[in-house]
Amino acid sequence: SSAASDVYKRQVSTQSTWEIILLIPTPTMKANDPQFDSYFPSLISKIGSLCDAIDYKKLKTPEKRWEAQYPFFSQFYPEIEKTVPKWAWLKTQYEGHICFHILRMLYCILNDEDYNQFTSEEQNIIKWTVILHDIAKRGFPSVPKGQRDPAHPYNSGVATLDVFNSLPELRDSFSQSKLRRLKNKLKQSIIDDYKPDKEELGKILEMAKDALKESYFCFTVFKLVIMHQLLPTLKDFEQPVELTDQEIKKYCDAEFLKLMQVVMLNDSINYNLSDAKERKKLYDGIKALCTGFFKVIQTENTCLSLIHISEPTRRTPISYAVFCLKKKKKKK
């Protein structure tokens, strides 16, 4: 049924033969979602030619990489800081290399074949995700040299909510009390100031659905940001907290994984712009992982039927019921 794309899929128990489940409709796409290209026109128009001009093969040390990239990328900083004030802080982390990473990732995204097959709405979501996914990532001197910051997706989620709340297209859409509770939940779900607590992910997403229900755009960007390092990845990029197959089925659907695949691929390959062979090897490895994720969510031992009870009649979502009948396979 086409209605399947209009609801959040929820995991259900297999204890009974038949079950009736109330599913929640996704937020709708609104015409006034903030357009990335309007907020960052110089970045979009120039990032390609500037990155093409950098000879990454000659950049063997962090110092050389900084010298080569800073003159190019720093011209975008004032434009970015107008909309994302935390960028000013990010410039001080790891000598600005996290900023360079984000801008290289944007360059890679714009040249990604899958991304260029997306709708304009999906492309807008991806570009906002790129600029925000590492916006609260700590590097030296905030953490010791060489130490990673696995907690940064949740902290970047907090910063993402602050950005959304500052944009004129969005600020009137939110309940400020719900937004505060969601931000506090994210902060409280970081273990020992070091890693995200995945056991709290379900509660965080439920709170986000409620706080951001006026905007499909906001919910999707937020979810991509907080989950961008929770899916299993290649050994060189392993994180201390990763979702199991069952958790992937619980929190991801095909539409979300389609977007996340592009984020994961380009979050990784932008480190290998100097070596096309290694870049392709990395790309193929992560692509194979993502193919496995799609297989995981497609593994079903039952058939689902969706019954649309009523349709929303305005752009703002109206609660309505969608019932799902699930038949359990008989044991042999």
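What classes of residue, nonpolar, polar or charged, make up the lining of the largest cavity?

**Ground rules.** I am working with a predicted model, where local features need pLDDT of at least 70, side-chain atom pairs count only at pLDDT 80 or more, and totals for chains, interfaces and linings use all residues. Residues are numbered from 1 along each chain as its sequence is written, and side-chain values use heavy atoms, with hydrogens and water left out.

**Cavity.** I looked for cavities, meaning sets of points on a 1 Å grid over the protein atoms alone where a 1.4 Å probe fits but cannot get out. The structure holds 1 cavity of 30 Å³ or more. The largest has a volume of about 50 Å³, taken as the space filled by probe spheres set on the points, which are joined across faces, edges and corners. Its lining residues (an atom within 4 Å of a point) include Pro 150, Pro 196 and Gln 229. To settle my opening question, I noted 6 nonpolar, 2 polar and no charged residues; Pro counts as nonpolar here, and Asp, Glu, Lys and Arg as charged.

**Ala 151.** Next I checked Ala 151, found in the loop between α7 (120-132) and α8 (152-166); helices are DSSP runs (H or I, at least four residues), numbered from the N terminus. Ala 151 counts as buried because its relative accessibility is 0%, and the cut-off is under 20% relative accessible area (1.4 Å probe, protein chains only). Leaving out residues up to four places away in sequence, Ala 151 touches Arg 138, Ile 190, Tyr 194, Lys 195 and Pro 196, with contact meaning heavy atoms within 4.5 Å. I also noted Asp 192, 41 residues from Ala 151 in sequence and 9.5 Å away in space, C-alpha to C-alpha.

Technical notes: On a 1 Å grid over the protein atoms alone, a cavity is a set of points where a 1.4 Å probe fits but cannot get out, and a pocket is an open set with protein on both sides within 12 Å along at least five of seven lines; lining residues have an atom within 4 Å of a point. Helices (H or I, at least four residues) and strands (E, at least two) are DSSP runs, numbered from the N terminus. Buried means under 20% relative accessible area, exposed over 50%, partly exposed in between (1.4 Å probe, protein chains only).
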